[in-house]
Amino acid sequence: MLDRTNVEAWLDELKEAWEGGDVERAVSLFHQTTEYYERPFRPGTSEEEIRGYWRDIHGLKDIRFDYTLSAVDGNLAVVHWQNSFVTPRDNKAWLLDGVFFLEFNETGKVVVFRQWWFAAE
């Protein structure tokens, strides 16, 4: 059964991949994901589509990812997160604030990934 410890372990792995700019490590967390919603109406369904979303982290500077696990109910988890980074081409600092809605299978792998996020102006 899914519990907070399982979800936090998955999120910690995502944090390490994101902050390390490790695209392949991030993508590996979605190996069993059948629905990946980077945008609400167009799911990525293949590993290559998911990798395409994550390529953007390569080369970013000063990446920080923090999260708060808000709820776990059955196989579902809701997470509030913030991500900050600097884009090297223009040295612009960014702050993103978002929510993950994660659905896990019985082996603790994410099978449905949904996120909504906004960038601070």
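## Basis of the model

The model is predicted, so local features need pLDDT of at least 70 and side-chain atom pairs count only at pLDDT 80 or more, while totals for chains, interfaces and linings use all residues. Residues are numbered from 1 along each chain as its sequence is written, and side-chain values use heavy atoms, with hydrogens and water left out.

Helices (H or I, at least four residues) and strands (E, at least two) are DSSP runs, numbered from the N terminus. Two strands pair if DSSP finds at least two bridges between them.

## Strand pairing

Strand β1 (residues 35-39) runs parallel to strand β6 (residues 110-119), and three bridges join them. Tyrosine 37 has arginine 114 in β6 as its bridge partner. β1 also pairs with strand β2 (residues 42-44), here in the antiparallel sense and over two bridges. The two strands form a hairpin with two residues between them, and arginine 39 stands opposite arginine 42 in β2.

β3 and β4 pair in the antiparallel sense over 10 bridges. Valine 72 stands opposite alanine 77 in β4. The hairpin of β3 and β4 has two residues between the strands, and glycine 74 takes a positive phi near 65 degrees there.

## The nonpolar core

In soluble globular proteins, nonpolar side chains tend to be buried together. A nonpolar core is a set of buried Ala, Val, Leu, Ile, Met, Phe, Trp, Tyr and Cys residues joined through side-chain atoms within 4.5 Å. Buried means under 20% relative accessible area, exposed over 50%, and partly exposed in between (1.4 Å probe, protein chains only).

The largest nonpolar core has 29 residues, and those with the most contacts inside it are Trp10, Leu14, Trp18, Phe30, Trp54, Phe100 and Leu102. At least two residues of this core come from each of α1 (4-19), α2 (23-28), α3 (47-54), β3 (61-73), β4 (76-87), β5 (92-104) and β6. The largest share, six residues, comes from α1. Leaving out residues up to four places away in sequence, phenylalanine 30 touches Trp10, Leu14, Tyr36, Ile50, Trp54 and Phe113; a contact means heavy atoms within 4.5 Å.

## The largest pocket

On a 1 Å grid over the protein atoms alone, a pocket is an open set of points where a 1.4 Å probe fits, with protein on both sides within 12 Å along at least five of seven lines; lining residues have an atom within 4 Å of a point. About 510 Å³ of space lies in the largest pocket, the volume being the space filled by probe spheres set on the points, which are joined across faces, edges and corners.

The lining has 21 residues, of which Glu38, Asp56, Phe85, Leu96 and Trp117 lie nearest the centre of the pocket. β1, α3, β4, β5 and β6 are the elements that give two or more residues to this lining, and β4 gives the most, with four residues.

## Single residues

Most residues other than glycine have a negative phi. Aspartate 62, in strand β3, has a positive phi near 50 degrees and is exposed at 61% relative accessibility. Asparagine 91 lies in the loop between β4 and β5; its phi is positive, near 55 degrees, and asparagine 91 is exposed with a relative accessible area of 53%.

Asparagine 6 lies in helix α1 and is partly exposed, at 37% relative accessible area. Asparagine 6 and lysine 109 are 103 residues apart in sequence and 9.6 Å apart in space, C-alpha to C-alpha.
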